Amino acid sequence: MTSKKRIHYINELQEIQRLAVESPYDVGLHAEDGSVIIDAKSYIGMYALDFSKPVLVVSEDEALHRKIHDIGENVK
């Protein structure tokens, strides 16, 4: 499953990272063009992404996608 998000504030990024750490599944953050793929459980790794553009949250954890729905901006 994939959620496309635009992150505006550091606290939104921190909340996604916290929820990723709690997930029993792998959670990735991907640049929209696929040029950067990082482990969302890695706080330092998150800073490799350009958050001025939408990012993809990729995980098979359906509960995670429900929890992050209201974090940041959902992009179609």
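Colleague: Which residues are linked with Glu15 in a network of salt bridges?

Modeller: Keep in mind that this is a predicted model. Within it, Arg18 makes a salt bridge to Glu22, and their closest N and O atoms are 2.5 Å apart. Arg18 itself is partly exposed, at 37% relative accessible area. Together with Glu15, the network links Arg18 and Glu22.

Colleague: And how far apart are Arg18 and Glu22 in terms of helical turns?

Modeller: Both sit in helix H1, 4 residues from each other. That spacing means they are separated by about one helical turn.

Colleague: What does the salt bridge between Glu32 and Lys4 tie together, and how many residues apart in sequence are those parts?

Modeller: Glu32 and Lys4 form a salt bridge, with the closest N and O atoms 2.4 Å apart. Glu32 belongs to the loop between E2 and E3, while Lys4 is in strand E1, so the pair ties together parts that are 28 residues apart in sequence.

Colleague: Is Lys4 buried or partly exposed?

Modeller: Buried would need a relative accessible area under 20%. Lys4 has 21%. So by that cut-off, Lys4 is partly exposed.

Colleague: On to the strands! In what order do the 5 strands form the open sheet?

Modeller: Let's go pair by pair. E2 and E3 are joined over 3 bridges, and E2 and E4 over 4 bridges. E4 is also joined to E1 by 4 bridges, and E1 to E5 by 2 bridges. Put together, the pairing is antiparallel and the order is E3-E2-E4-E1-E5.

Colleague: Which are the edge strands?

Modeller: The open sheet runs in the order E3-E2-E4-E1-E5. An edge strand here pairs on one side only, and that describes E3 (37-39) and E5 (73-74).

Colleague: Which residue is the bridge partner of Leu29 in E4?

Modeller: You can walk along E2 here. Gly28 has Val58 as its bridge partner in E4, and His30 is partnered with Ile37 in E3. For Leu29, the bridge partner in E4 is Val57.

Colleague: Which residues of E2 point the other way from Gly28 and His30?

Modeller: In a regular strand, side chains alternate between the two faces of the sheet. In E2, Gly28 and His30 point one way, and all the residues on both sides are buried. Pointing the other way are Leu29 and Ala31.

Colleague: Which residue in the turn of the hairpin has a positive phi?

Modeller: The hairpin is formed by E2 and E3, with 5 residues between them. In its turn, a phi of about 80° belongs to Gly34.

Colleague: Now the inside. Which element supplies the largest share of the largest nonpolar core?

Modeller: That core has 18 residues, and those with the most contacts inside it are Leu29, Leu49 and Ile68. At least two core residues come from each of H1 (10-22), E2 (28-31), E4 (55-58) and H2 (62-68). The largest share, 4 residues, comes from H1.

Colleague: What does Leu49 touch, leaving out residues up to four places away in sequence?

Modeller: Leu49 is among the residues with the most contacts inside the core. With those sequence neighbours not counted, Leu49 touches Leu29, His30, Ala31, Val36, Ile38 and Val55.

Colleague: Is Asp26 buried or exposed?

Modeller: Asp26 is in the loop between H1 and E2. Beyond four places in sequence, Asp26 contacts Val58, Ser59 and Glu60. Its relative accessibility is 71%, so Asp26 counts as exposed.

Key:
Residues are numbered from 1 along each chain as its sequence is written. This is a predicted model: local features need pLDDT of at least 70, side-chain atom pairs count only at pLDDT 80 or more; totals for chains, interfaces and linings use all residues. Side-chain values use heavy atoms; hydrogens and water are left out. A nonpolar core is a set of buried Ala, Val, Leu, Ile, Met, Phe, Trp, Tyr and Cys residues joined through side-chain atoms within 4.5 Å. Buried means under 20% relative accessible area, exposed over 50%, partly exposed in between (1.4 Å probe, protein chains only). Contact means heavy atoms within 4.5 Å. Two strands pair if DSSP finds at least two bridges between them. A salt bridge is a side-chain nitrogen of Lys or Arg within 4 Å of a carboxyl oxygen of Asp or Glu.
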